[in-house]
Amino acid sequence: MTGSETFATFGIGLAYGWARHQRTARGLLKSRIDRGFSLPYGQVMADLDVAVAGAGFAGIYAVHAFRSAGLTVRAFEAGSGIGGTWFWNRYPGARCDVESKDYSYSFSPELEQDWSWSERYPAQPEVLRYLNHVANRFGLWPDIQLNTRVTAATWDADRAEWTVRTDDGASVTARFFVSAVGCLSAYQVPSLPGLETFAGPWYHTSRWPAGGADFTGLRVGLIGTGSTGIQVAPEIAAVAEHLYVFQRTANFAVPNRNRAIDPAWETAFKADYRSYRQQAQGSFLGVPIAGTGRPALAEPPADVQRTLMDRWQAGGGMPFLGAYTDVLVDRDANDIVAEFMRDRIRETVADPAVAELLLPRAYPVGAKRLCQSDDYFAMFNRPNVTLVDIRSAPLTSVSARGLRTADAFYELDALVFATGFDAISGALNQIDVRGAGGVALAETWAAGPRAYLGVAPAGFPNMFIVTGPGSPSVFSNMVLSIEQHVEWIRDCVLYAGAHGYATVQAKPSAEDAWMAHVTEVAYSTLFPLADSWYVGANIPGKPRVFTSYLGGVGPYRARCDAVAAAGYEGFALDRRLAMSSSVHPQAQLILDGIAAAGGPPFWELTPEQARAIVTANNEQIGPGPDVASVRDVVIPGQAGGIPARVYSPVPSAPGVVVYYHGGGWVVGSVDGWDASVRALAVASGCDVVSVDYRLAPEHAFPAAADDAYDALVWAAGELADGRPVVVAGDSAGGNLAAVTALRARDLGGPTLALQLLVYPVTDCDLDRKSYHEYNGREFLVNRQDMAWYWSLYVPEPAVRVNPYASPLRAPDVSGLPPLYLVTDEHDPLRDEGFAYADRLRAARVPVEHRHYGSQIHGFFSFVNLLDDADKAVSEAGATIRAVVKG
Ligand code: N01
């Protein structure tokens, strides 16, 4: 008999037959395709491929990059214009401290050539003009939605998509959610008692009024002397009657030496822009800087002073700090540079007492972001500027007329806060992001933000963060880093699509290892020594964690590329919504054969009649492979002897698999599953105990679960004798395997090396999407069958939520053995399998998941008949083999 004859006869001669034959399957599957958009691989459920939060440098480029790759994308931006940080931070004096030739997109050589910057360090209005030029030039406006703040993003495991909600009450679904909210977006105003009583206007530099603020003739108080405060102060001092600078920590600043771009220089530079960009990509900071390549401590002191002075005169923070290799890792070398800078302050500030107060001593230079200014220190020589030391006499309160410190009161007409940001995590934490299992990102990040490669937080499938925690981000030329991240994310999305994967998510172990590396690198430097926003020290109560990657932009890029080249190493890619939506022809022959046999549906039969059909059908599978020995045993169970069969593929197998057959807790048997269990024994190389647990309705819940657990205890003790033990099962047997793993954990029972769950029943909820998709009569199992099985196994509906019946409902799934999950597409149980994988992943249980996109429920048992069954059994077996060998 040929293979296809076997399929054709399968089911035909059955006593009753499985009548599931309203030919609706293809229509149903097609409707899923019809709902689709422009996805290149038939993943068709969501409104968008990618929803992006934010339209600053990152969001703007994300729209361009994803769209150019053929994906549907929309960026949601809270501001009334694009630009992100460059939209909001429009305070006077706002200027970039990375040179314009570097702080610009490199993705388009044409853009590079046709845009001309006017200054070495561009001022905020020019950067904003540039970004609007980019949006115009590439026609990005239709895919950017302004005045719309993303308020929530929720992962839907059943649909494998995100629901993104916005403050206008709307929501959109997207297969991928990309955060481009930026590292410095959530601004912070210190909680000062009485601020609401202040009679004059007060501003935060990061929410500067679009029409500007006029300080002419006013007494102004400025709180904050970081990069922003140092930029805004001279601008205010130039017009105010008096400026009081309230300084908590004195800061280092190097000169900008800003200047207009010389057109001849520009032409010459642009001729070689491409190779310059390449150097930037491989560089440490994303800006090619010529350092000496030597440690300062190994250099004659006079030479060091000369080098520092040359770089001081040239201006710019990166070349200055990058002069020597040891400045950011050796305190003695750092002190040389710090003292050099303090000398420059002493030289500049006329009043020695003021100069003394301005000398930064609290942290190593560079360990807080190095400020840049040409006029900040000289400003203190103006008669209308007073420096107030709030380190020794802190701010205490605000009243209608001004600011009070511990030892004085300052009458003020206006207040300016340049008090910084809840950096790195603040803006994302303002969005209610919920990943697998409904877990909140803010909760996951309670001990500090984290993400694999700084781009993908574990537990948040299909979510990426541009320049997230764990990436070089704020320690680099942000624009270059943004481009690298967006392109990497785009490529990952495309890879997933091209390979039929619907979900991509970082493995917790990969995230852990990456963040450990980030920490290790950080603590080999002086950076963690400063109380900076880098470590969250500026936000009361924020955990002190250093989350930026200091290994360098070039090495980081190489690492990201290597991860991609290895098929996205460290990521779990799952086949979810199949590339091919049709049933595999071999499986279809089985379905056709069953349909042709006719007969009433299962749920109209008695259990005995249904068992007879299953027994007859399974005989069509034929014999499984030979094994070295097969013996029937009776396991001593608490409710009596439990029959079981032990298959030994070789005389001394390295491990033991305890296997629970499927059949809805009602119709299966050890005999009926003989072929596939033999195949698993051979594939895994392990002894397999196939357990003949008590069936319902004669023995209702928890009889089967009790037998399953007793069998494990026996197998782990009597049989395994120290060898690793795995639990496994398909369908209802998958349920018993999952429950047995839970019970073993709860009761301190045998340690399990793995749980192999094949399209398992994990929950009593029959309203998941896949139940409604597969409620017709054309497949082996449908929603009504499942309702029937449940009614026999756990007759009392209220009891079905017991975690030992519905393991998905276990209050805690942490500490369970690693999961190897097999699911198939055409199966009412599909989505609860995915949900279980998602929950375990969220609890940091290692999960490996194989989804068979064209297969049907029950396929794993149809060895001999289906190529996919042989493949699935052999893949699962190989995993067991690897696990038991350690
Ligand atoms: O914020 P910051 P920023 N009472 O956190 C003080 C980028 N940037 O907006 O140091 C009193 O650095 C705080 O004091 P202390 C750049 O990456 C770039 O200036 O915590 N004072 C500090 O002086 C930069 O690093 C550019 O003791 C309080 C200041 O407020 C990042 O943005 C320009 C206080 C905050 O300094 C953030 O810079 C601007 C309180 N309760 C910004 N809370 C360029 O490209 C805070 N402070 C040039």
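**Close-up views of a predicted model**

View 1. The chain averages a pLDDT of 91, and 94% of the residues score at least 70. This is a predicted model, in which local features need pLDDT of at least 70 and side-chain atom pairs count only at pLDDT 80 or more, while totals for chains, interfaces and linings use all residues. Residues are numbered from 1 along each chain as its sequence is written, and side-chain values use heavy atoms, with hydrogens and water left out.

**View 2. The largest nonpolar core.** This core has 115 residues. A nonpolar core is a set of buried (under 20% relative accessible area, 1.4 Å probe, protein chains only) Ala, Val, Leu, Ile, Met, Phe, Trp, Tyr and Cys residues joined through side-chain atoms within 4.5 Å. Helix α23 (residues 703-719) gives the most to this core, nine residues; helices are DSSP runs of H or I, at least four residues, numbered from the N terminus. V658, Y660 and V689 have the most contacts inside the core.

**View 3. The surroundings of Y660.** Among the residues that Y660 touches are V691, Y693, L712 and L736, not counting residues up to four places away in sequence. A second, separate core of 85 residues includes L128, A510, Y534 and V563.

Note on methods
Buried means under 20% relative accessible area, exposed over 50%, partly exposed in between (1.4 Å probe, protein chains only). Helices (H or I, at least four residues) and strands (E, at least two) are DSSP runs, numbered from the N terminus. Contact means heavy atoms within 4.5 Å. pLDDT is the predictor's confidence in each residue, from 0 to 100.
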